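Subject: Structure handover

Hello,

Please find the structure below. My notes on it follow.

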Amino acid sequence: QVQLAESGGGLVQAGGSLRLSCAASGRTFNNYVMGWFRQAPGKEREFVAAISWSGINPYYADSVKGRFAISSDNAKNTVYLQMNSLKPEDTAVYYCAARRIGRTEWVYWGQGTQVTVSS
């Protein structure tokens, strides 16, 4: 059974940093793209960042470019989202997801981890 388990969320002051982790299990992800999404209260879920499982070709939403960094550690089967210079508008539940390379549908999702940025 495929599982994506997020961790690392919490409460941080504006300007601070957090690192989210996504531990992947249940299959090999060599042909997958791993992504992070977020959903704030009353808003739709939005894309944040993604990277191939091999750790190449990261890309970001404009709203986080230059502040967030996505990376993968294949030996640990884990994908990370380093979040710096956090803003109150980054407050949301952050989800890890996976899709096959060449496909558009994100087929695997984690349960999410809450990130709250206080002003």
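**Findings**

Of the 119 residues in the protein chain, 41% are buried, where buried means under 20% relative accessible area, exposed over 50%, and partly exposed in between (1.4 Å probe, protein chains only). This is a predicted model, in which local features need pLDDT of at least 70 and side-chain atom pairs count only at pLDDT 80 or more, while totals for chains, interfaces and linings use all residues. Residues are numbered from 1 along each chain as its sequence is written, and side-chain values use heavy atoms, with hydrogens and water left out.

**Overall form**

The protein chain has zero helices and 11 strands; helices (H or I, at least four residues) and strands (E, at least two) are DSSP runs, numbered from the N terminus. The radius of gyration is 13 Å, close to the 14 Å from the globule rule for 119 residues, so the protein chain is as compact as a globular protein of that length. That radius is taken over C-alpha atoms, and the rule is 2.2 Å times the number of residues to the power 0.38. Along its principal axes the C-alpha trace spans about 40 × 25 × 25 Å.

**The four-stranded sheet**

Four strands form an open sheet in the order S1-S3-S8-S7, with antiparallel pairing; two strands pair if DSSP finds at least two bridges between them. Strands S1 (3–7) and S7 (68–73) are at the edges with a single partner strand each, so one side of each is left without a neighbour in the sheet. From one strand to the next the twist averages 15 degrees (axes are lines fitted to C-alpha atoms, for helices over the stretch in contact, and angles run from 0 to 180 degrees between N-to-C directions).

The pairings are as follows:

- S1 and S3 (residues 18–25) are joined by five bridges, and Ser7 has Ser21 in S3 as its bridge partner.
- S3 and S8 share six bridges, with Arg19 opposite Gln82 in S8.
- S7 and S8 (residues 78–83) are also linked by six bridges, and Ser71 stands opposite Tyr80 in S8.

**The disulfide**

There is one disulfide in the structure, defined as a pair of cysteine sulfur atoms within 2.5 Å. Cys22 and Cys96 form this link, with their sulfur atoms 2.0 Å apart. The pair connects distant parts of the chain, 74 residues apart: Cys22 lies in strand S3 and Cys96 in strand S9 (residues 92–100). The link is left-handed, at -75 degrees about the S-S bond. Both Cys22 and Cys96 are buried.

Regards
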